[in-house]
Amino acid sequence: MVGVTGGIAAYKTVQLVRLLVKDGHEVHVVPTEDALRFVGMPTWEAISRHPVTTSVHDDVARVRHVALGQAADLVIVAPATANTLAKMTAGLADDLLGTTLLATTAPVVVAPAMHTEMWRHPSTVHNMAVLGERGVIVVGPEDGELTGGDSGPGRMSEPGVIFEAALAATAGGAGDLHGLRVVVSAGGTREPIDPVRYIGNRSSGRQGVAVALSAAERGADVVLVAAHVDDGVLAAASARPGLRVVRAGTAAELGEAVTAEAGAADVIVMAAAVADYRVAEVSPLKRAKESAPVGGITLDLIENDDILAGLVRRRREGQTIVGFAAETPGDGETLLDRGRRKAARKGADLLAVNEVGWSKGFEAADNAVTIIGADGEVIGARRGSKDDVAEALWDAVRMVRESQAKTK
Ligand code: CTP
């Protein structure tokens, strides 16, 4: 069953329905009233080869308002507007699509489409998180041109992409990480100075979130411990089935959350940028300049625990621990030399080393890493999108775990 809601991307859903029908599926289209302002009833009927209605009052004898949902093997909502996602979250059923969605136990795939501001609005972010917890599969939205000349995340995925995701949802195929329990930390911690100020870092959380998403896509059961992560980056992760998000603010909170989740984990990836120091005395009130010494102040900092080192100390048999090292090259020492020293110091099974600088590594979509093993041997290297790097990391994890299993 394909639900269509009121967005201009509805024209692309015509192609999606066509792909499904051509692939041999029986497709019932349930548009909302608003959707019909974009693409009319005759188009949906012709393309799906079935009668179409938006009303719960048609075909009452056959209880159409629940029958469609009960009979569906899969429900796709494309485009899914911000309004529809909010209604789905609240369980509103004021039209045929709403009743159908409440009556179904089939997998639900949504393809959001809206303006970037609406996608990033806390209400939508919250709704996506709730829907994700319920197992709704989210495809997109893509980053690209939007109506009215704007551009940014919010563009509905192409029909072919939604089609593939829909087939995968019904196939329920197990990925190569199926059965693995994974904990990934991501983002930058923030160490408070007073109620309004903090010491932070430039981590956007993109790489860590990509690592978590890639593991979930490959079938792992994932806990993402997220420190500060850029707006919009977390929304996709929150909505991913098989992935649970735990929020943390400071290094101490992140350490606590990761350590609590680590007990049951097979693989732990510390991709978070953890502050090495915290402020010794956090002021309960905003520090005022007028009560500070003239000319400058000094903040005393205390060293934070090294979470990764702690995990390595408590490592269980069969557990794989992965660290990240963001390095700036210098003093004639190569990046790899620095990475190797860090790998030896930390004792992790794998260390992903990447170069950072004022314009490298942070906030960008692309990254380049070299993955080294516990003895400093290079196990993999990848330059490309953060998704590509995440894939390479999981390939390396698999390789290490397979060779560890063989030597047991
Ligand atoms: N890390 C951690 N706990 C800390 C600091 C870092 O678990 N208190 C982890 C990071 O998540 C990362 C790895 O250790 O996986 C390397 O982080 P990095 O900051 O490069 O390491 P440091 O030991 O702080 O080394 P440096 O002196 O280069 O900052």
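In which helix is Tyr11 found? In this predicted model, Tyr11 belongs to helix H1, which covers residues 10–22. The side chain isn't hidden away: with a relative accessible area of 53%, Tyr11 counts as exposed, because the cut-off for that label is over 50%. Tyr11 also teams up with Ile8 and Phe38, and together the three make a nonpolar surface patch of about 330 Å².

Next comes the sheet. Strands of a sheet pair through backbone hydrogen bonds, in either a parallel or an antiparallel way. Here, eight strands line up as S12-S11-S8-S13-S16-S17-S18-S19, giving an open sheet with mixed pairing. The edges are taken by S12 (243–247) and S19 (378–385); each has a single partner strand, so one side of each is left without a neighbour in the sheet. On average, and ignoring direction, neighbouring strands are turned by 15 degrees against each other.

Helix H10 (residues 206–217) packs on it, touching S8 (181–186), S11 (221–226), S12, S13 (267–270), S16 (320–327) and S18. The direction of H10 makes about 165 degrees with that of S8. Helix H14 (residues 335–346), for its part, lies across S16, S17 (350–355), S18 and S19, and runs at about 145 degrees to S17.

Note on methods
Residues numbered from 1 in each chain as written. Predicted model: local features only at pLDDT ≥ 70, side-chain atom pairs only at ≥ 80, totals over all residues. Heavy atoms only, no water. Patch = residues over 30% accessible without salt bridge, like charges linked within 9 Å, V, L, I, M, F, W, Y side chains within 5 Å. Areas by Shrake-Rupley, 256 points an atom, 1.4 Å probe, with all protein chains shown as cover. Salt bridge = Lys/Arg side-chain N within 4 Å of Asp/Glu carboxyl O. Helix = DSSP H or I, 4+ residues; strand = E, 2+ residues; numbered from the N terminus. Buried < 20%, exposed > 50% of the residue type's maximum accessible area, 1.4 Å probe, protein only. Pairing = 2+ DSSP bridges. Axes fitted to C-alpha atoms, helices over the stretch in contact; angles between N-to-C directions. Contact = heavy atoms within 4.5 Å.
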